[in-house]
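Please look over the structure shown here before reading the report that follows.

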Amino acid sequence: MIDSKRVVVTGGAGFIGSSLCCKLIREGKDVLCVDNLYTEKNIAQWLGNVNFEFLRHDTTDTFPVLI
């Protein structure tokens, strides 16, 4: 199993996704949260955290992944 430090969470601003982001950040992972920002308040605590990056994007649209 590959233990990657960078994790992408789609729907990361919702209730379940933000809880997952919280857990991953506490484990020391770098989290890229992708969400259309229907619910912003769930991720407010992580904005500005060096291990957290937010990308406003609707996952029904195409998304280029850069590695």
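Which residue in β2 is the bridge partner of Val-7? In this predicted model, the partner of Val-7 is Val-31 of β2, and the two strands β1 and β2 pair in the parallel sense over 5 bridges. The chain crosses from β1 through α1 to β2, and this β-α-β crossover is right-handed.

The sheet to which these strands belong is open and has 3 strands in the order β1-β2-β3, with parallel pairing. Its edge strands are β1 and β3, each of which pairs on one side only, and neighbouring strands are turned by 20° against each other on average, when direction is ignored.

| Element | Residues |
|---|---|
| β1 | 6-10 |
| β3 | 52-56 |

The largest nonpolar core has 12 residues, among them Val-9, Cys-21, Leu-24, Val-31, Cys-33, Trp-46 and Phe-52. The elements that give two or more residues to this core are α1 and β2, and α1 gives the most, with 4 residues. In soluble globular proteins, nonpolar side chains tend to be buried together. Leaving aside neighbours within four places in sequence, Val-9 is in contact with residues including Gly-17, Leu-20, Cys-21, Leu-24, Val-31 and Cys-33.

Asn-36 lies in the loop between β2 and β3. Is Asn-36 buried or partly exposed? Asn-36 counts as partly exposed because its relative accessible area is 38%, which falls between the limits of under 20% for buried and over 50% for exposed. Although Asn-36 and His-57 are 21 residues apart in sequence, they are 4.8 Å apart in space, C-alpha to C-alpha, and, beyond neighbours within four places in sequence, Asn-36 is in contact with Arg-56, His-57 and Asp-58.

As to confidence, the mean pLDDT of the protein chain is 81, and 82% of its residues reach 70 or more. Where pLDDT is low, the predicted coordinates should not be read in detail.

Key
Residues numbered from 1 in each chain as written. Predicted model: local features only at pLDDT ≥ 70, side-chain atom pairs only at ≥ 80, totals over all residues. Heavy atoms only, no water. Pairing = 2+ DSSP bridges. Axes fitted to C-alpha atoms, helices over the stretch in contact; angles between N-to-C directions. Right-handed = clockwise from strand over helix to strand, strands pointing away. Core = buried A, V, L, I, M, F, W, Y, C linked by side-chain atoms within 4.5 Å. Buried < 20%, exposed > 50% of the residue type's maximum accessible area, 1.4 Å probe, protein only. Contact = heavy atoms within 4.5 Å. pLDDT = per-residue confidence, 0-100.
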